Amino acid sequence: MLKGGNVPLEKHPLTEIPDLPKAIWNIDNFGNCKTTLTQRNITPGVTLTRFGDLPFHDLLKDVPNTLH
């Protein structure tokens, strides 16, 4: 690249990439679930999952400091 060479590439428009399945892909040390859901998939406040209703917070700083 420094000498003017081209990097091989193949274009893949985002519209052709399928959405990820709705899933929890990680649970951190504090029990926060990281999901594949985006804001457009979520009803603010509560999201229905196969585990029941789970609270949703846009930012980790908004998660209450409570232990259950």
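Reply: Lys61 is exposed, with a relative accessible area of 70%, where exposed means over 50%, buried under 20% and partly exposed in between, using a 1.4 Å probe and protein chains only. Its partner in a salt bridge is Asp62, with 3.3 Å between the closest N and O atoms; the term stands for a side-chain nitrogen of Lys or Arg within 4 Å of a carboxyl oxygen of Asp or Glu. Asp62 is partly exposed, at a relative accessible area of 37%.

This is a predicted model, in which local features need pLDDT of at least 70 and side-chain atom pairs count only at pLDDT 80 or more, while totals for chains, interfaces and linings use all residues. Residues are numbered from 1 along each chain as its sequence is written, and side-chain values use heavy atoms, with hydrogens and water left out.

The structure holds two salt bridges, and the other one to describe joins the side chains of Asp28 and Lys34, at 3.6 Å from N to O. Here Asp28 is buried, because its relative accessible area is 19%, whereas Lys34 counts as partly exposed, because its relative accessibility is 21%. As a setting for these pairs, 6% of the 68 residues of the protein chain count as buried. The chain has zero helices and four strands, strands being DSSP runs of E with at least two residues and helices runs of H or I with at least four, numbered from the N terminus.
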